[in-house]
Structure formats: C-alpha cells, structure tokens
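Dear colleague,

Please find the structure below.

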Amino acid sequence: MSLLLSMAAFALASSITPGPVNIVALTAGAQFGLRAAMRHVSGATLGFTLLLLLIGLGLSELLNRWPWLTQSIRLAGVLFLLYMAYRLARDDGRLSTDKPTLPPTMLYGAMMQWLNPKAWLASVAGMGLFAAAGDALSVCRFAVIYFVICYVSLACWAYAGTFLQQYLNNPGRMRLFNRAMAALLAACAAYLVLP
C-alpha cells in the first residue's frame, strides 16, 4: 500500500505544480469557461498518460541511446512555450463572441504534453522510481494512478480559471491576466534553457 501512496504523492507533486499545461488550463477556464477548458484537460491527461506508458515500456532506452533526440524535444518544447507566450501577450483582452480565438482542443492538450519538457522529466523520473524494471503491471498501475491525479489536478487549474472569469470581465484586466500568464510561460521556457 505504501508504494501506491508514494506513486500517488509523486503524481500529485508533478501534476499540481505550475507548468505550461496548467497555465493553459487556467487561461482556458478564464477565457472560455470550464466546459471548453475540460477538452484541453482531457487531451493533456490522455497525452501525458500515453507518454508515461511509452516511457515505461521502453522509450526511455531510445532517449538514452540518442541524447540529441532529448535535446530536440526540449528545443521544440521551448519554442512552443515561447509561441504560446507570444500569442497570449498579444491578445487584446476582449471576450467578444465575434472573436476568432478558439479554446484549446483535446489534440492541442495532448500535443502540449508531448512538447512539454516537464512532462518528459516527470515520465522518466517517475518510471525510473516506480517501474525501472519495465514490468508491465507496475507501468500500468503507475499510469492509472497518474491518469486520475493528473486529470483532477488539471481540472482544478481549469476550475480556478473559471472562478477568475468574474474578475476578468473587462478587456483591461483580461489583458493584464493574459500578459501575466505569458510571462509565466516565458519563464518556464527560460528555466528549461538556463543551466
């Protein structure tokens, strides 16, 4: 039982702490409401769980053999974070219905996880701690626990964003919020490239 609690604690610490996917869930909740944000949450959770399973079943061995692949993933993730930060920073803060901006989709959420260096690090570290032997039962057990905790954690961020909607109902405050979220995404990207 203590192994399962350890797995759950690791999953919670990795999932609930701020990161790019959490920031997008918060922003989607604030801009588009909980229902729309939950598509992002579902996609991000499914994308992360698939990544976690593949790492547990042997992808980590491939990354160890080809370190350039890890660096390429990190660079793509940093560029993606900077692109998202740029888009948020340029947003005018208006929430009108004629605005062409769409909420993040399930595919966007899943893709974010695959480009998110935090997700790769959590997958490799978690599998190294709890399923290093590659035992399929241990890998699947950890993935199921992580799936539930990741989903609930991201949903909390989306709900928090929905709660903020009432305070962000004018363009000036929304613009300020978006720029703060953009700065956080840029800080995540900087953290990944600085030693």
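**Findings**

In the protein, 87% of the contacts (heavy atoms within 4.5 Å) between residues at least 6 apart in sequence join residues at least 24 apart. This is a predicted model, in which local features need pLDDT of at least 70 and side-chain atom pairs count only at pLDDT 80 or more, while totals for chains, interfaces and linings use all residues. Residues are numbered from 1 along each chain as its sequence is written, and side-chain values use heavy atoms, with hydrogens and water left out.

The secondary structure comprises eight helices and zero strands; helices are DSSP runs of H or I with at least four residues, strands are runs of E with at least two, and numbering starts at the N terminus. Of the 195 residues, 44% are buried, where buried means under 20% relative accessible area and exposed over 50%, with a 1.4 Å probe and protein chains only.

In helix 1 (residues 2-16), the buried residues are Met7, Phe10, Ala11, Ser14 and Ser15. Seen down the helix axis, these buried residues fall within an arc of 120° (taken from the directions from the axis to the C-beta atoms), so they line one face of helix 1. They pack against helix 2, helix 6 (117-130) and helix 7 (136-164). The face turned away from the buried side carries the exposed residues Ser2 and Leu5.

Asn22 lies in helix 2 (residues 20-32) and counts as buried because its relative accessibility is 4%. Its side chain reaches the backbone oxygen of Ser15 at 2.8 Å. Beyond neighbours within four places in sequence, the contacts of Asn22 include Lys118, Leu154 and Trp157.

Yours sincerely

How values were computed. Polar contact = N/O pair within 3.5 Å; in protein donor to acceptor, adjacent residues only side chain to side chain. Expected span 1.5 Å × (residues − 1).
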